[in-house]
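Subject: Structure for your review

Dear colleague,

Please find the structure below, together with its sequence. A summary of the findings follows it.

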Amino acid sequence: MTEQPTRISDLLGSGQRSFSFEFFPPKDEAGTDQLWDAIRALEPYRPTFVSVTYGAGGSTRDTTMRVTSRIVRETGMTPLAHLTCVGHTVAEIEHVLDAYAEAGVENVMLLRGDPPEGPRAEWTPTPGGLTYAQDLVELVAARGGFDIGVAAFPEGHPGASSRDADADVLVAKAKAGADFAVTQMFFRAQDYFDLVERVRDRGADLPILPGIMPILNLAAIRRQGELIGAAVPDDVVARLAAHGEDRTAVRAAGIELAAELCEELLAGGAPGLHFYTLNRSKATLEIFGHLNVAV
Ligand code: FAD
């Protein structure tokens with residue numbers, strides 16, 4: 001370990017632009033190698049933090065713990081460990097939090113999670129568990145010891161009745177103790193700016209980091225976007241479709257579009273950028289190339 005992990009709210013409060021990377025728990029040894037190749041390739045960029053998502057159940061959850069602990073032990077980076085309410089009783093949640101604290105994790109991303117049947121299925125809370133992310137934020141804030149991140153949705157969460165209702169939820173999570181938010185992927189900077197405005201109008205000042213997912217494969221992103229309520233705008237589709245079946249050119253256009261989005265977000269006052277890396281470094285580094293972010 002080269003440095004002690006720190007609190008993300010302090011890092012964001014320092015006024016420096018934040019760059020952060022998200023990873024998911026790998027399924028096997030090859031996936032683990034790929035993940036650590038990505039971590040090592042991105043580490044020299046000295047991200048503000050790196051996050052590790054929390055899976056739907058079973059061994060993937062142990063892997064989240066293992067990867068996060070290894071980041072604390074073997075890198076100088078600050079980890080953000082995700083945790084969801086899915087399938088957990090409150091006692092189990094407390095147990096995971098104990099383990100995170102013991103591993104030296106000081107920042108947690110608190111989420112409701114999606115039903116095991118998928119993001120569009122009906123949500124049923126686990127008996128003895130929690131209903132909303134807000135409940136988890138309240139639990140962790142009362143316990144203390146962690147900085148708290150929560151999810152935000154520039155196009156509104158698919159389960160929210162309106163974007164205003166969605167903003168009310170984010171503000172409730174802030175009032176319950178969230179220190180910062182990270183957004184779902186989105187493709188129009190204005191959706192992000194409008195969300196920030198709705199949240200500020202409601203009196204919450206927590207930093208909201210935009211989540212960036214470059215479109216490397218239009219069909220895959222459209223499918224995922226439909227599930228999570230993030231639409232790919234027509235002008236973006238047109239720029240990608242112009243390259244037809246030329247996958248290299250589509251990929252290059254996807255990187256260029258993501259870099260343009262990043263520039264617009266930073267120019268408009270976003271406090272930083274959070275990259276969904278999918279456990280690979282290449283696309284993120286290509287976007288950094290466009291943005292002139294250097295090691
Ligand atoms: P909540 O804030 O609880 O909202 C869920 C739904 O309930 C929304 O429709 C909301 O409008 C509604 N709602 C909330 N509070 C209330 C209330 N008091 N009254 C009435 N309605 C309410 N999933 C994973 O499984 N693992 C991960 O690691 C993970 N990481 C993520 C990271 C980011 C940055 C993002 C944006 C999402 C992530 N997700 C992850 C997906 C997330 O779990 C889903 O989007 C989930 O459907 C919503 O989670 P939430 O924390 O926003 O829930």
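How many aromatic pairs does the structure hold? The model, which is predicted, holds eight aromatic pairs. F19 and F288 form one of these, with an edge-to-face arrangement: the distance is 5.3 Å centre to centre, and the angle between the planes is 70°. This pair links distant parts of the chain, since F19 lies in strand β1 (residues 18-23) and F288 in helix α11 (residues 282-291), 269 residues apart.

Turning to the fold, eight strands close into a barrel with parallel pairing, in the order β1-β2-β3-β4-β5-β6-β7-β8. From one strand to the next, the twist averages 30°. Strands β7 (residues 208-212) and β8 (residues 272-276) run parallel and are joined by two bridges. I212 has F275 in β8 as its bridge partner. Helix α3 (residues 59-74) packs on the sheet, where it touches β2 (49-52) and β3 (79-84). The direction of helix α3 makes about 165° with that of β3.

The volume of the largest cavity is about 30 Å³. Its lining is formed by F153, P154, E155, G156, Q184, M185, F186, I228, G229 and A230. By class, six of the lining residues of the largest cavity are nonpolar, three are polar and one is charged.

Yours sincerely

Key:
Residues numbered from 1 in each chain as written. Predicted model: local features only at pLDDT ≥ 70, side-chain atom pairs only at ≥ 80, totals over all residues. Heavy atoms only, no water. 1 Å grid on protein atoms, 1.4 Å probe; cavity = no way out; pocket = protein on both sides within 12 Å on 5 of 7 lines; lining within 4 Å. Points joined across faces, edges and corners; volume = space filled by probe spheres on them. Nonpolar A, V, L, I, M, F, W, Y, C, P; charged D, E, K, R; others polar. Pairing = 2+ DSSP bridges. Helix = DSSP H or I, 4+ residues; strand = E, 2+ residues; numbered from the N terminus. Axes fitted to C-alpha atoms, helices over the stretch in contact; angles between N-to-C directions. Contact = heavy atoms within 4.5 Å. Phe/Tyr/Trp six-rings, centres within 6.5 Å; stacked < 30°, edge-to-face > 60°.
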